[in-house]
Amino acid sequence: GGRFEDPWFWLRERDDPERVGSTVWSPFPADTDYFGPRGKAWMLNFRVRDLDAARLVLADRGAEIDEHVGEVEGFARFATVRDPDGNPVQLIEYLA
């Protein structure tokens, strides 16, 4: 990590410096349909400690919550919510 062309940026948890996490810079092709049929071209991703609790809080505040919760077994769970303009925001809970 650390090189500009490397999309992974590694970090440590402030409250638990032994726990390593990451974020990724990953542009998509202009014609992607990954973000859904709404013609959106980008998505923010946020790490959360508790995916289910974060989804409930955002739903209580009026956010549009996609029903699908994905999982990369043993690594992370993720779900998408939408901001007021309909842009996707992905929430990721790392499992270990």
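Biologist: Where does W42 lie in this model?

Modeller: W42 lies in the loop between β2 (20-24) and β3 (44-47). Keep in mind that this is a predicted model. With a relative accessible area of 40%, W42 is partly exposed.

Biologist: Which residues make the nonpolar surface patch?

Modeller: W42, L44 and F46 make that patch, which covers about 300 Å².

Biologist: Thanks! Now, how should I read salt bridges, and how many salt bridges are there?

Modeller: The general idea is that side chains of opposite charge can pair when their charged atoms come close. Here the count is four salt bridges. One of them joins R49 and D15, at 3.3 Å from N to O. R49 sits in the loop between β3 and α1 (51-60) and D15 in the loop between β1 (8-12) and β2, so this pair ties together parts 34 residues apart in sequence. Both R49 and D15 are exposed.

Biologist: Which residues are linked in a network of salt bridges?

Modeller: The network links D52, R77 and E93. Between D52 and R77, the closest N and O atoms are 3.0 Å apart. This pair links distant parts of the chain, with D52 in helix α1 and R77 in strand β5, 25 residues apart. R77 also forms a salt bridge with E93, where the closest N and O atoms are 3.1 Å apart. E93 belongs to strand β6, 16 residues from R77.

Biologist: Is R77 buried or exposed?

Modeller: R77 has a relative accessible area of 17%, and buried means under 20%, so R77 is buried. E93 is buried too, while D52 is partly exposed at 40% relative accessibility.

How values were computed. Residues numbered from 1 in each chain as written. Predicted model: local features only at pLDDT ≥ 70, side-chain atom pairs only at ≥ 80, totals over all residues. Heavy atoms only, no water. Patch = residues over 30% accessible without salt bridge, like charges linked within 9 Å, V, L, I, M, F, W, Y side chains within 5 Å. Areas by Shrake-Rupley, 256 points an atom, 1.4 Å probe, with all protein chains shown as cover. Salt bridge = Lys/Arg side-chain N within 4 Å of Asp/Glu carboxyl O. Helix = DSSP H or I, 4+ residues; strand = E, 2+ residues; numbered from the N terminus. Buried < 20%, exposed > 50% of the residue type's maximum accessible area, 1.4 Å probe, protein only.
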